[in-house]
Structures are given as structure tokens and as C-alpha cells.
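Hello,

Here is the structure I said I would pass on.

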Amino acid sequence: MSTTQLDLNFAFGNFNYICSRVSLTLCPLVGDKDGIEPLCYSRNVKIADTLIFQPSTLIIHIIALVMTAIMIYHIRSKYTAVGRKEIIMFFYLYMLVTVMDLLLISGIIPTANTLYPYFAGVHMGLISATFWCLLLNGFVGFQFAEDGTPLSLWSIRISSFIVFAAVTFLSIATFEKLGPFDPLHPVALWVVFFIFNGAALLIYVILQIVLVVNTLDDRWPLGDIVFGIAFFATGQVILYVFSLNICNFAKHYIDGLFFGTIATLLSVMMVYKYWDSITKEDLEFSVGSKQNVWEVKELLGEDEMAGGGLYGQQRFNGNSPASGPYGQANFYEERY
């Protein structure tokens with residue numbers, strides 16, 4: 001396929017300009033009957049008689065999976081943090097997007113495979129579902145629905161699945177030329193990929209700025225938001241504007257996709273950093289606080305211990321059947 005016969009200028013609803021500069025997973029399926037190849041792309045390597053595309057980007061994807069697993073572990077360890085179960089869904093979705101990106105960009109699932117359009121459609125659906133999930137997490141801090149409740153969790157799960165299914169269907173219909181959808185004119189897919197996803201991200205950022213300014217005394221989380229936006233915006237500019245320059249300068253060893261993937265990972269890490277900075281775990285009810293309580297008890301005199309000590313009156317006078325070992329409500333079990 002010769003890209004010189006195509007109009008590679010930027011146009012609304014047209015992927016030709018973008019695909020001529022960076023190899024997105026949908027580029028082999030749109031713009032021309034044989035897809036569009038970038039004018040310059042990273043070198044391939046041969047491993048065990050298999051060509052691996054974008055090897056440097058593949059390494060970043062593996063690093064991203066490891067880093068995401070670490071972030072998920074730390075989120076799960078904050079047992080009483082607000083929005084813990086909601087935000088973790090975003091990171092699971094990002095992990096799935098990374099896995100699909102790894103399989104498609106690297107050529108592990110080759111473009112000649114008859115299933116490639118379906119995997120690419122799933123990938124597009126997961127990307128939009130991830131942005132949608134992030135948007136809904138932006139409302140959690142306002143407590144329109146109490147976090148951790150079935151209403152809060154299932155509203156995010158069901159709506160994210162609907163977005164995933166709708167965008168996946170739209171993508172596959174466009175790739176396979178079903179009904180009114182045409183891979184040569186993928187306007188609807190372009191609108192979803194750039195406008196819908198971009199709007200979801202923008203609304204999330206605005207919501208978080210409002211949340212920090214109106215409800216928090218600490219302004220440091222605004223720095224996390226700024227850094228996250230800066231990383232993401234820089235990655236998009238490198239990806240769509242400077243990819244050819246980077247590829248030619250680096251003699252095809254890396255291209256804009258390498259730096260764009262790094263920037264996306266950094267922006268996701270800033271989402272975690274921001275969430276971590278605005279959620280303070282209630283140490284009184286956390287598992288790790290029990291050790292501190294026992295340390296205090298060891299310092300009490302024998303008379304105080306005999307009289308009930310620090311929590312004695314609450315332990316022996318508390319009438320609530322839900323009272324825990326220190327007269328406190330069993331917050332963890334009731335909430336989670």
C-alpha cells in the first residue's frame with residue numbers, strides 16, 4: 001500500500017494523518033483497503049522465528065504492567081480509604097488496555113490474522129471504558145452515592161461495560177464495513193477516540209480541581225493533577241506531532257510510541273498519587289492500628305489495667321452489640 005496516494009493532511013474524522021506518523025492498533029484497518037503504515041516506525045526484532053514489532057515499547061508495556069500491579073496492591077492495602085473499590089477498577093481496566101496494546105502493537109497477534117479486527121475492536125472499547133471509569137471516579141469524592149456501596153460500585157461497573165460494548169461494536173462494525181460504517185471514513189470512531197475520551201478526561205480533571213479547592217485545606221494534590229495533565233499532554237504531542245522526527249533522529253530504533261507509552265504510564269501513576277494524597281486511611285479502624293493500641297496498653301500501670309485501662313469503660317459499659325474489642329463499632333466489617 002502506498003501512502004503517497006492518500007491525503008495525509010489532518011482532517012476531522014480522518015485517521016490518515018495520525019496513522020502516517022504513529023502505528024496505532026486501528027491503523028492497519030482504516031483509511032485504505034490495506035490500512036495505513038507510518039512513514040517511519042521502530043525497528044523489528046526476530047525472536048524464535050517470530051518478528052516482534054516495537055520491541056522498546058513492548059518493554060515499557062511490561063514495566064507498566066508491573067507498576068500497575070504494585071499500585072493495585074497499595075490501593076487494596078488501604079482498607080478504609082474513601083473510593084478504594086471504585087478507583088481500583090480504573091487500574092484494572094488500564095492493565096487490560098496495556099495487555100491488549102502489548103499483543104497488538106508487538107505483532108504477537110499479527111495484522112493478517114482474521115481475528116485482528118476483533119481484538120482491535122476490544123482494545124478500542126477498553127480504552128473508552130477506562131476513560132469513562134476514570135470520569136465516574138471523579139464523582140466519588142462528592143459522595144453523591146456513598147463509596148463502597150452496591151449503588152456506587154455497580155453504577156460504575158454496568159455503565160463502563162455498556163461503554164465498552166458500544167465502542168467495541170462501533171469499532172468492529174467500522175473495521176468490517178457493517179451497515180453505514182465505513183473504514184475509509186471512520187468519522188464516528190474518530191469522534192469516540194478523540195472527543196468522547198478527551199471530554200471524559202477533561203471533566204474528571206475539572207471535578208478534581210473543584211473537589212480540592214472547595215473541600216480540602218491542603219493544596220498539594222493540585223500539583224499531582226498538574227503533573228498528570230502535563231505528562232499526558234506531552235505524551236500526546238510526542239505521539240502525534242514529533243513521532244516522525246524522533247524516529248528519523250533515532251535511526252528507527254525508537255519512535256513516538258515509545259515516549260507516548262512512557263508518558264501515559266506516568267500520567268496513570270499521577271492518578272494514583274493524587275488519589276493517595278486525598279485519601280487518608282482511618283488508622284483507628286485499620287488492621288495496622290491494633291499493634292499501636294497494644295503498645296499503649298503495655299505502658300499503662302497495673303491499677304489502670306485492672307480498672308479497664310484506656311478502653312475499659314467502653315468495653316464493659318458499652319451496650320452496642322456491634323461494639324468491637326475496644327468498644328468501637330466494627331467499622332471495617334460493616335463497611336466492607
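The S-S bond of Cys 40 and Cys 247 has a torsion of about -75°, so this disulfide is left-handed. Please bear in mind that the model is a predicted one. The sulfur atoms of Cys 40 and Cys 247 lie 2.0 Å apart, inside the 2.5 Å cut-off for a disulfide. The pair links distant parts of the chain, 207 residues apart: Cys 40 is in the loop between helix 1 (16–19) and strand 1 (45–47), and Cys 247 belongs to helix 8 (residues 243–249). Cys 40 and Cys 247 are both buried.

How many disulfides does the rule give in total? The count is 2 disulfides. The other bond is between Cys 19 and Cys 27, with an S to S distance of 2.1 Å. The link of Cys 19 and Cys 27 is left-handed as well, at -85° about the S-S bond. Buried means under 20% relative accessible area, so Cys 19, at 0% relative accessibility, counts as buried. Cys 27 has 1% relative accessibility and therefore also counts as buried. Counting bonded cysteines along the chain, the disulfides follow the pattern 1-2, 3-4.

Cys 133 counts as buried because its relative accessibility is 0%.

Now the helices. Helix 2 (residues 55–77) has 23 residues, and its first and last C-alpha atoms are 34 Å apart. That is close to the 33 Å expected at 1.5 Å a residue. Which residues of helix 2 are buried? They are Pro 55, Ser 56, Thr 57, Leu 58, Ile 60, His 61, Ala 64, Thr 68, Met 71, Ile 72 and Ile 75.

What reaches the backbone nitrogen of Leu 257 at the start of helix 9? A side-chain oxygen of Asp 255 comes to within 3.1 Å of that nitrogen.

Regards

Notes. Residues are numbered from 1 along each chain as its sequence is written. This is a predicted model: local features need pLDDT of at least 70, side-chain atom pairs count only at pLDDT 80 or more; totals for chains, interfaces and linings use all residues. Side-chain values use heavy atoms; hydrogens and water are left out. Buried means under 20% relative accessible area, exposed over 50%, partly exposed in between (1.4 Å probe, protein chains only). Helices (H or I, at least four residues) and strands (E, at least two) are DSSP runs, numbered from the N terminus. A polar contact is a pair of N or O atoms within 3.5 Å; within protein, one must be able to donate a hydrogen and the other to accept it, and residues adjacent in sequence count only if both atoms are side-chain atoms. The expected span of a helix is 1.5 Å times one less than its number of residues.
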